[in-house]
Amino acid sequence: MKQGRKFEIWMGASVLLILICALTALCMGQFHIELSRVMRELFIEHGNDNVHTTLYNIRIPRILMSLLAGAGLAASGAAFQSLFSNPLATPDTLGVANGASFGAALGLLLGGNAFAVQGTALFFGIMAVLLVFLVMKGMGPSNPSMLMVILAGMVISSLFSALVSLIKYVADPQDVLPVITFWLMGRFSGVTRKSLLVSLPLIGGGTAMIFLLRFRLNALSLSEEEALSMGVNLKRVRALVIGAAAMTTAAVVSVCGVIGWVGLLIPHIARMLFGNDNRYVVPASVTFGALFMLIVDTLARCVNAAEIPVSILTAVIGAPVFILLLRKSGGIRG
Amino acid sequence: MSIEVNAGTFSYRKEKLLLQDISFSIGSGEILAILGPNGVGKTTLMKCLLGFLPWQSGMTSLDGTDIRAMKGRKLWQQVAYVPQARQNTFSYHVEDMVLLGRSPYLGDFSMPGKKDREIAEQAMELAGVTHLIGKSCSQLSGGELQLVLIARALAAEPSYLVLDEPESGLDFRNQLVVLDLVERLSREKNMTVILNTHYPDHALRVSDQVLLLFGQGIYQFGRTEGMLTAEHMRALFGVDIAVWREMSGEKEYTAVIPLEILPSKGEDRWINH
């Protein structure tokens, strides 16, 4: 099978590239670490100096987090696009990102430490999607159409967006407001071993769930009746997909802030290369998303002495890459 | 092996009767055509029949078992549904689309395997679409897409095939390709087929039984030759109709010619039976 062969080659190449980029990223930063030293730290002996601390407390958690975040956001985007049969759907479609943003802003306003902020962000991110379910329940016992789910998501999303504005409005413009604003633009600088450990099971679990459901996602992207006639338990599978994507997104936003574009751009790159079959799109989104996020974050911390917010870079790099790919592939394959 | 609807009733609004006390039963290898004017509830009947919409009273049963009591996947291993051909937001390659027909045999977390691909290939052969392998569904003509959707249904190896207006929007040749395929599946593979159609000619050509929906909850069910008469067709469509028979070789063909629109007699348009 030609398609399968092409897919394998791309997957192999991107995994290899991830390894190379991760090693490079370990060397780069505020102060340069020789590759030989990095290798020795990783595989042979642990030193007891700045280098060790930098690698194990800062760079490794941060690199792992960027890989996880990119993989999770891209997989969630791909899942939502199929679930809603809508190529413009993103992981934020149901208001998870705005809910989590509100939680983080609230945590920052109340002067919580990093861990507390992660907690409130996670809580309100999950809360947002539960509210969407609640709104759907309030509309009646019948099976809601996916369009109504999107609408409910938009309502909840804009509600939380207004609440974020409210917090920014009341926040002290001298110290708290800049922190909130910077946080909302997304960054990996706050990643610690602890925050990584909290989010790892959530992002990993959510992404794994989407990966496992990838063949079902194909059936979900068809009309509701077709999906039913394929023996798909719509209620259960939809809840699983929404739950997995929401958990992933909330966990990413709670640590890294809002990172746009990845959830939209990466799945479409995968679609351009392999078509719409989610057996290819989901795994390709995972690896491409991880690679893209790692590169973006490495640039964000190395290009300038002061860090550049990731959301700015994802768009600035993402847009031209996307246009280039569109030209090369002759558009999104139907 | 039979599919049966027992006193099925459904309407979207209380004041407007759509389907009332509909009962019919067809045995294995038979073809049932559902006929009626636009908006009379043909598609709704099909949705209720398959459980996409809940009967307000009555039930659909398969070999005597209420389909609501059947586990989703079990049901769809026996009954396959072919929707009207239309392009989806995300289009898949023909072979992947057909492979989706294997879904009722797969758990939520499983992938189709070699055996599933082989069965999908046989289904494509049966439906005559192997030459389309490698193409994207978005590149297909209406007729080709319809055949691919039938192949997808066949990949589930069903005993019952339910098709929603399978020949609508197709040219003469493709209409016959689809109808011949449906007929072959019923005669050779002993599949029970239920289809909606706008064309009485097509019902006369392939179906053993017809179900005529006159509106206001009135229906007739019976063997095609006795039931699909000129008189009934007039009442059904509100159009004066001539029936033309043509012998070609050994076979007799029937054409239905719509002559003039009949003056509407309001509520009493249908005949007394």
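Is Lys135(B) buried or exposed, or partly exposed? At 34% relative accessibility, Lys135(B) counts as partly exposed; here buried means under 20% relative accessible area, exposed over 50%, and partly exposed in between, with a 1.4 Å probe and protein chains only.

These legends describe a predicted model, in which local features need pLDDT of at least 70, side-chain atom pairs count only at pLDDT 80 or more, and totals for chains, interfaces and linings use all residues. Residues are numbered from 1 along each chain as its sequence is written, chains are lettered from A and ligands numbered from 1 in the order in which they are written, and side-chain values use heavy atoms, with hydrogens and water left out.

**View 1. Lys135(B) sits in a loop of chain B.** The loop runs between helix H4 (114–127) and H5 of chain B. Helices (H or I, at least four residues) and strands (E, at least two) are DSSP runs, numbered from the N terminus. Look also for His93(B): its C-alpha atom is separated from that of Lys135(B) by 5.6 Å, although the two residues are 42 apart along the chain.

**View 2. Phe102(A) and Phe160(A) form a tilted aromatic pair.** Rings of Phe, Tyr and Trp (its six-membered ring) pair if their centres lie within 6.5 Å; planes under 30 degrees apart count as stacked, over 60 as edge-to-face and the rest as tilted. There are 13 aromatic pairs over all chains. In this one the ring centres are 5.7 Å apart and the planes stand at 45°, so the pair is tilted. Phe102(A) belongs to helix H4 (residues 96–109) of chain A and Phe160(A) to helix H6 (residues 146–170) of chain A, so the pair ties together parts that are 58 residues apart in sequence. Phe102(A) is buried, with a relative accessible area of 10%, and Phe160(A) is buried too, at 4%. Together with Phe123(A) and Phe124(A), these two residues form one aromatic cluster.

**View 3. Phe24(B) and Phe221(B) make a tilted pair in chain B.** Their centres are 5.7 Å apart, with 40° between the planes. Phe24(B) lies in strand E2 (residues 19–27) and Phe221(B) in strand E10 (residues 218–223) of chain B, so the pair ties together parts that are 197 residues apart in sequence. Phe24(B) is buried at 4% relative accessible area, whereas Phe221(B) is partly exposed at 25%.

**View 4. E9(B) and E10(B) form a hairpin.** Two residues lie between the strands, and Gln216(B) in the turn has a positive phi of about 55°. Strand E9 (residues 209–215) of chain B pairs with E10(B) in the antiparallel sense over six bridges; two strands pair if DSSP finds at least two bridges between them.

**View 5. Four strands of chain B form an open antiparallel sheet.** The order is E2-E1-E4-E5. E2 and strand E5 (65–66) stand at the edges, each with a single partner strand, so one side of each is left without a neighbour in the sheet. Strand E1 (residues 2–10) and strand E4 (residues 57–62) of chain B pair over five bridges, and Thr9(B) has Ser57(B) as its bridge partner in E4(B).

**View 6. The largest cavity has a volume of about 90 Å³.** On a 1 Å grid over the protein atoms alone, a cavity is a set of points where a 1.4 Å probe fits but cannot get out, and a pocket is an open set with protein on both sides within 12 Å along at least five of seven lines; lining residues have an atom within 4 Å of a point. Grid points are joined across faces, edges and corners, and a volume is the space filled by probe spheres set on the points. The lining includes Ser229(A), Met230(A), Trp76(B) and Arg152(B). By class it has nine nonpolar, two polar and one charged residues; Ala, Val, Leu, Ile, Met, Phe, Trp, Tyr, Cys and Pro count as nonpolar, Asp, Glu, Lys and Arg as charged, and the others, Gly among them, as polar.
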